[in-house]
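Student: Hi, I have a model open and would like to talk it through. Could we go over it together?

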Amino acid sequence: DEIAYWLTKELKYAGQSIPEDISVICFHNTYLNDLNDTHITAVVTKPHEIPLAVADQIIQLIGGHSISSRKLSFHLTERGSVRAPLTYI
């Protein structure tokens, strides 16, 4: 979110219009989204899901077990930083 926050500021400074010229999507949807003039569309996971998954993987590694990729659930919070309609895969 911090990168998206500053990116929107720099894009506007450079004369770009969001979402007309470029779309911006962030990950997590933190408080920075509320501070921005452009409300950024966000990919959001359940609270604490990522750090809990990482901690579990670390515990597995410490215990000598192998780990593999995990799929985490998410939802898209659509706001004004992306041209509609959005297409999900």
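Student: What should the twelve residues of helix α1 span at 1.5 Å a residue, and how far apart are its end C-alpha atoms?
Tutor: Before the numbers, some ground rules: this is a predicted model, where local features need pLDDT of at least 70, side-chain atom pairs count only at pLDDT 80 or more, and totals for chains, interfaces and linings use all residues. Residues are numbered from 1 along each chain as its sequence is written, and side-chain values use heavy atoms, with hydrogens and water left out. Helix α1 covers residues 2-13 and should span 16 Å, and its end C-alpha atoms are 17 Å apart, which agrees. The expected span is 1.5 Å times one less than the number of residues. Helices (H or I, at least four residues) and strands (E, at least two) are DSSP runs, numbered from the N terminus.

Student: Which residues of α1 are buried?
Tutor: A4, Y5, T8 and L11. Buried means under 20% relative accessible area, exposed over 50%, and partly exposed in between, with a 1.4 Å probe and protein chains only.

Student: And why do they line one face of the helix?
Tutor: Seen down the axis of α1, the buried residues fall within an arc of 135°, so they line one face. The arc is taken from the directions from the helix axis to the C-beta atoms. As background, an α-helix has 3.6 residues a turn, so residues three or four places apart point the same way.

Student: What do they pack against, then?
Tutor: Against β1 and α2 (32-35), where contact means heavy atoms within 4.5 Å. On the other side of α1, E2, I3 and Y13 are exposed.

Student: Switching to the sheet: in what order do the strands come?
Tutor: The order is β1-β2-β3, in an open sheet of three strands with mixed pairing. Two strands pair if DSSP finds at least two bridges between them. β1 (25-27) and β3 (75-77) stand at the edges with a single partner strand each, so one side of each has no neighbour in the sheet.

Student: How many bridges join β2 to β3?
Tutor: Three, and β2 (residues 41-44) and β3 run antiparallel. In β3, H75 is the bridge partner of V44.

Student: Now the loops. Where is the cis peptide bond?
Tutor: From I18 to P19, with omega near 5°. P19 sits in the loop between α1 and β1.

Student: What about H48: buried or exposed?
Tutor: Exposed, with a relative accessible area of 59%. H48 lies in the loop between β2 and α3 (49-62), and its phi is near 70°, a positive value in a residue other than glycine.
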